Every structure is written in structure tokens, then in C-alpha cells.
Amino acid sequence: LGSAGRGWRGRMLREAEGPAGPAHAAAGRVEAAEVLDTLRRAGAADEGVRKPAEKVLANWQEACVPGVITGMLEVVALRDAQGIEPQLRLMAAVVAKNMCGCSWERVQSSNARKYQEQTDWSRVSEDEKERIKAQILPLLFSEPLEQVSLQIILIVASIARHEFPIGWPELVTSLISVPDIATDIDSLSRRLLALRTLKHVLAALKGRKKFLALSAERGGSAVKSELESLSEKVKVERDALLKLLGSCFLVLYESWRVWSSSFLEGAAGWANAGRLANRTLSCIRQILYVIGEMGPAFGSADIQSDIRPKVLEFYASSCSQAS
């Protein structure tokens, strides 16, 4: 996690190994040590200790208190700390995931129409967002427990739903650039984990909606201006998304072609090649779903020249293998 990561991890280790007790957070922000103490108390058998701590956690989530998400991730990173049980780290991962999640709310009234995605992530400061995005992938690839790893994957997907591609353009590139060496167990495990994460990220992008609020009290020109601004913003994001997904498809297609051929030919390491081919195929399917939702955008000249021939080649090759 780098020197900065080792710094905060060291502070948390000292807290974990020292006497337990509530830490005093800076004004308006919860520190990692207080997060750790609250999680410990929330897991206590004594109801008198557990209930107040559970209430604190609920209040933190409802108010999206600064520092809570990063504090939870720092607790997740304490894999080797004395006194940090796996269930404590899992609890921290679940809370962090819930705070990065979202729910949909449709509001209609006499003076406004609103279609809005309600999410705690929108209330997180830009500084904390950047800290979370910087530490989440190293945390994922260093996590040994399956249950905790799954929660981290869901955190990545939740963030990607709101940040990708404009706010987190390097995410997909980071995932598909993980080496895929079928004969090396560590490399294989990391590649399969990266592909599993990518599949969740792509699935999160499907059906993503935009915020739109139009007030009937405002004049027609104001509404038109707002719509034009929104339309331009959506177009920029859509074009960026198509470009990144197009590049991703080309890389995954070549990977799938190589590994599926190795599997069908029974080459050395064919079983692992089959696992890689299958996981890669799942990601390709999700990419085609996302692109398909964009409808006519896929018919643009750039997309046709870059992606369409390979998509048709992919369909022909997959049908040939199936027969």
C-alpha cells in the first residue's frame, strides 16, 4: 500500500495491540482508532455494550460522517494485527460497502419532477473519495479471506457506478492489466480475482441513471438550458465510457481467444486456461450488455471501426467452438 499506507496501518496496529478505549475524533471527523473501538463494542456479547455501539454505527452511516469509510477500510487492512478477528474485519468491510451503496428514489410533485439516485457516496468529500480509490485495489489484491474479498469487490463496483469513467478512468485498465499466467498459481489467482471484480464493475454500469430535476416554476428557457447542459455532460461521459469499454473488449477478446484455444486443444495447463477463458467470457458478455444499452451510439463511425469487426469475429469464433 506504499509508505502512506504503511503509516496509517502502523498507527492502527499500535491501537489494536494497546489498551482498548474510545478515541477522540477530530471535530466533524471520525478517526480510524474510534472506528476500531466502536466495531469491537458492536461485536460484544454484553447487550449494554453492543446496543449503543450499533446505534453509533447506524448514525455514522445515516449521516455519512467523514472518515468512517476510510476508517473501516483501515480496519479491514489489519490482517496480521493481534486481537483483530476475521469477523471484525468482515463487519468493517460490510459497513464500508453499505456506505458506498445507493438506492433509487422517484419523487413527483406539483412543482417538480425528480428522478434521483440517492447515495451516500455523493456526500463523501472529494479528498476522501480519492483516498478510498487509491487504497481499495491494493487492499483487494492483498486480502486472503473470500468473504472479506467479496465485500471489497462490491465496494469497487459501487464506487465505479458513480465514478467510472470520468472520475476513475484507470480502474478498468488496472484490472485488465493484471498478468494472466496460467502456470503460476499466484498470478492465476490475481487474474481470476481481477476478472471477477471487472465483471461486477461492468454489471454495476448497466442501467445507470442520471439525476434530473426540472421545476415547473422555472421558465422554459431555463429548462432548455439545463437539458442542453445535461445532454452534453451525458454525451461526454458516454463517449468516454464507449472508448474505454472498446479498448477493454479488444484486450479481453484476445485473451479469451488464446485461453479458449489452449483449453480446447488440451495444452499444458488446460484446466487453468479454461478457468481464465470462462471468467474472461463473462466480462465480455457484460461489456456487450452495457454497449447494447447505449443503442444507436454503437453505430457511430468510431465505434464501428474499432469494435464492431472484433465483435462479429468474436460471435463467429464462439459459435464455431460451440458447434
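A residue is called buried when its relative accessible area is under 20%, exposed when that area is over 50%, and partly exposed in between, with a 1.4 Å probe and only protein chains taken into account. By this definition, buried residues make up 42% of the 323 residues in the protein chain. The model is a predicted one, in which local features need pLDDT of at least 70 and side-chain atom pairs count only at pLDDT 80 or more, while totals for chains, interfaces and linings use all residues. Residues are numbered from 1 along each chain as its sequence is written, and side-chain values use heavy atoms, with hydrogens and water left out.

The protein chain contains 13 helices and 3 strands, where helices (H or I, at least four residues) and strands (E, at least two) are DSSP runs numbered from the N terminus. Of the contacts (heavy atoms within 4.5 Å) that have a separation of 6 or more in the protein chain, 69% are between residues 24 or more positions apart.

Helix α2 (residues 32–42) is largely enclosed by the rest of the structure, because 9 of its 11 residues are buried; among them are Ala-32, Glu-34, Asp-37 and Ala-42. Helix α7 is mostly covered, with 13 of its 18 residues buried.

Phe-249 and Tyr-253 form a stacked pair, at 6.2 Å centre to centre and with 10° between the planes. These two residues lie 4 residues apart in helix α10 (residues 220–265) and are therefore separated by about one helical turn; both Phe-249 and Tyr-253 are buried. The pair of Phe-263 and Trp-270 is tilted, because the ring centres are 5.9 Å apart and the planes stand at 45°. Phe-263 counts as partly exposed at 37% relative accessibility, and Trp-270 is likewise partly exposed, with a relative accessible area of 46%. Finally, ring pairs link Phe-249, Tyr-253 and Trp-256 into a cluster.

Methods: Phe/Tyr/Trp six-rings, centres within 6.5 Å; stacked < 30°, edge-to-face > 60°.
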